[in-house]
There are 2 protein chains.
Amino acid sequence: MTVNQKPDTFNGSKHWPGLIKAYRSFLPISDKTPIITLQEGSTPLIPVDSISRLIGKKVKVYIKYDGLNPTGSFKDRGMTMAISKAKEQSCKAVICASTGNTSASAAAYAKRGGMKAFVLIPEGYVAQGKLAQALVYGAEVLSIKGNFDKALEIVQKVSDNFPVTLVNSVNPYRLQGQKTAAFEIIDSLGESPDFLCIPVGNAGNITAYWMGFNEYLKASKSTKVPKMMGFQAKGSAPIVNKKIIKDPQTIATAIRIGNPVNWEKALKVKEESNGEFFEVSDEEIINAYKILGQKEGIFCEPASAASIAGLIKIKERIPEESNIVCVLTGNGLKDPDCAIKNNDAIFHTNLDPSLDSVIKTMGL
Amino acid sequence: MTVNQKPDTFNGSKHWPGLIKAYRSFLPISDKTPIITLQEGSTPLIPVDSISRLIGKKVKVYIKYDGLNPTGSFKDRGMTMAISKAKEQSCKAVICASTGNTSASAAAYAKRGGMKAFVLIPEGYVAQGKLAQALVYGAEVLSIKGNFDKALEIVQKVSDNFPVTLVNSVNPYRLQGQKTAAFEIIDSLGESPDFLCIPVGNAGNITAYWMGFNEYLKASKSTKVPKMMGFQAKGSAPIVNKKIIKDPQTIATAIRIGNPVNWEKALKVKEESNGEFFEVSDEEIINAYKILGQKEGIFCEPASAASIAGLIKIKERIPEESNIVCVLTGNGLKDPDCAIKNNDAIFHTNLDPSLDSVIKTMGL
């Protein structure tokens, strides 16, 4: 079952139809489900040779570039499912707590489906691009003086007591959609990788990938499952440190979560896959972020770079000739400030608009 | 020849391989060309029902969402070609003038190909996300006190006199790559649309699309070609107004160009396709930008919205039951400031992190 073997008719021709239509038989979808889609999924799996060389041992490293989903993050995979099911159930409004990516995705899909979207965000800790998205998609944005964990606690209570559907990853359809990323990786490689390296915040995505790898194994699309390597940001690493972090801090705002909803599930994934969890510092994250940009031409948000930072950190543990996929969860354009503050580029400003001035500056 | 019928082997399996491998037989590529790719192309063609209803007359409108290319704009289509050919010719450095999208793309592909990238940008007129990209990809950025047209004049002279390859759209490989967007549209729809609506800045893209539509017609992949409708921003509309604009001004910075390099070619496209060129105001552009965000869940940069603004403006000219494709050239995340300044969202800040405060704010 490869991407190219799963076409869907689109106006008489063939076309990537979005992940629900592409992976319909693996998803809890009926003929009555209205499919709200922006043709999410089918994101690139790109070889990153500079990282492979850094690890050595004839290891082959790929990145799954999920920042090329329609709203710029992996959240779209789960949101097409959650919003389609909400629409099926005649829901009129959805709500979520978010560090920014979920709110952007929820707003886009809800509005496309003709629903209202309420989003709770932690004031001052949402990257600029993500806030811009929630606003442009026309969400009703509530910025609270508290962190993500507090916001999640509140939206759960709101959806328990009012006719507003919760679309955080406690909504089971979210992980159903997200598991398709594992399908795509196997469809591209023809087999499961040996390791999956993935950033861990609320721990929904690592849980979803594990579900996907196991379903494809059962369906004989692969002959093995990967070791699941989860990476948290130092200062925001409750699972690694085995304790709730009251005031999580990290440059990687997308995984700035001190009390992950899917904590128990993540521990189960670790155990079942013989995987491991580690923490990476902001410095290690930014180092990986720069390598991806400067050597590979790939721009991700800081949280995404945690997967590469983690792989570099544990490279001694990687056996010869392993195939490794690192998940880049979000687009770098989500957080332009981080790029402007953290780069090694040479930037000349205020130059005279003349050939002489330019030649001189270029050192020609 | 549909997207799904043009697979390429990728590690033993099937996978979208980037546009050069997908459309190899239509491109000036040899076995000796090293292919520098980020798996660009294969971008969504999304039906936009709210726009279709706005036009009426059973018209069907789609957007070609080229902002989902690897660096967030259509420029990647041309850049994979230009940089691969530069690499084939053992070039060590590339240069371009840019309003931001070309420089982001040139930097990403050049660095991926192991080359240096010099980019000239007009100081103060490059959207924040685009500047962030050039920096993160490690370009050498030269910001000049002059506009795009002046920057282009300078880089042409630099490349004429020094061993630095010019990768602006005067580089013929750029348009070769860009024409593949027309292929993809026909591959998805099974036929050419009746109209293509497209923003016009330097007029390279409209030229490339026209080339693509004609090559596919000749190859019997379609039975007709579309009318090419080009839209310039008022204040920056030299072709529409038949005169060079010395100091072009518009919110749509990506098409803020007063003296397009491909002016003559664009006029030929208009004539050959029985198309038309119009100007749209910044207000019309922002109106279209908001409709796309709020009704369709699609976030584009302001210049891209010119295609939708234009279609709305000329809707009386559109015959019944036409199929129309509007090109969205760049991702909205490229210009977060524009979104933050131009939206109709409700944004509550500084809220107490309590259920009561949130319920009250939501009006429940």
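**Figure 1. Two bridges tie strand S5 (residues 93–97) of chain A to S8(A), and the two strands run parallel.** One of the contacts to look for is Ile95(A), whose bridge partner in S8(A) is Leu166(A). Helix H6 (residues 148–161) of chain A packs on the sheet, touching S5, S6 (116–122), S7 (140–144) and S8 of chain A. The direction of H6(A) makes about 155° with that of S5(A). Helices (H or I, at least four residues) and strands (E, at least two) are DSSP runs, numbered from the N terminus. Contact means heavy atoms within 4.5 Å, and axes are lines fitted to C-alpha atoms, for helices over the stretch in contact, with angles from 0 to 180 degrees between N-to-C directions. This is a predicted model: local features need pLDDT of at least 70 and side-chain atom pairs count only at pLDDT 80 or more, while totals for chains, interfaces and linings use all residues. Residues are numbered from 1 along each chain as its sequence is written, chains are lettered from A and ligands numbered from 1 in the order written, and side-chain values use heavy atoms, leaving out hydrogens and water.

**Figure 2. An open sheet of five strands takes in both chains.** The order is S8(A)-S5(A)-S6(A)-S7(A)-S13(B), with parallel pairing; two strands pair if DSSP finds at least two bridges between them. At the edges sit S8 (165–166) of chain A and S13 (346–351) of chain B, each pairing on one side only.

**Figure 3. Ile359(A) sits in helix H15 of chain A.** With a relative accessible area of 14%, Ile359(A) is buried (under 20% relative accessible area; exposed is over 50%, partly exposed in between, with a 1.4 Å probe and protein chains only). Setting aside neighbours within four places in sequence, Ile359(A) is in contact with Leu364(A), Val158(B) and Phe162(B). Pro163(A) is another story: 196 residues from Ile359(A) in sequence and 64 Å away in space, C-alpha to C-alpha.

**Figure 4. Helix H6 (residues 148–161) of chain B gets some of its cover from chain A.** The 14 residues of H6(B) reach 20 Å from first C-alpha to last, close to the 20 Å expected at 1.5 Å a residue (that is, 1.5 Å times one less than the number of residues). Among the buried residues of H6(B) are Phe148(B), Leu152(B), Val155(B) and Val158(B). The cover includes helix H15 (355–362) of chain A, along with S5 (93–97), S6 (116–122), S7 (140–144) and S8 (165–166) of chain B.

**Figure 5. Strand S10 (residues 227–233) of chain B is mostly covered, with six of its seven residues buried.** Five bridges join S9 (residues 195–199) of chain B to S10(B), and these strands run parallel. Cys197(B) has Met229(B) as its bridge partner in S10(B).

**Figure 6. Helix H9 (residues 204–218) of chain B has 15 residues and spans 21 Å from its first C-alpha to its last.** That is close to the 21 Å expected at 1.5 Å a residue. Its buried residues include Ile206(B), Tyr209(B), Trp210(B), Phe213(B) and Tyr216(B). After H9(B) comes Ser220(B), with a positive phi near 60°.
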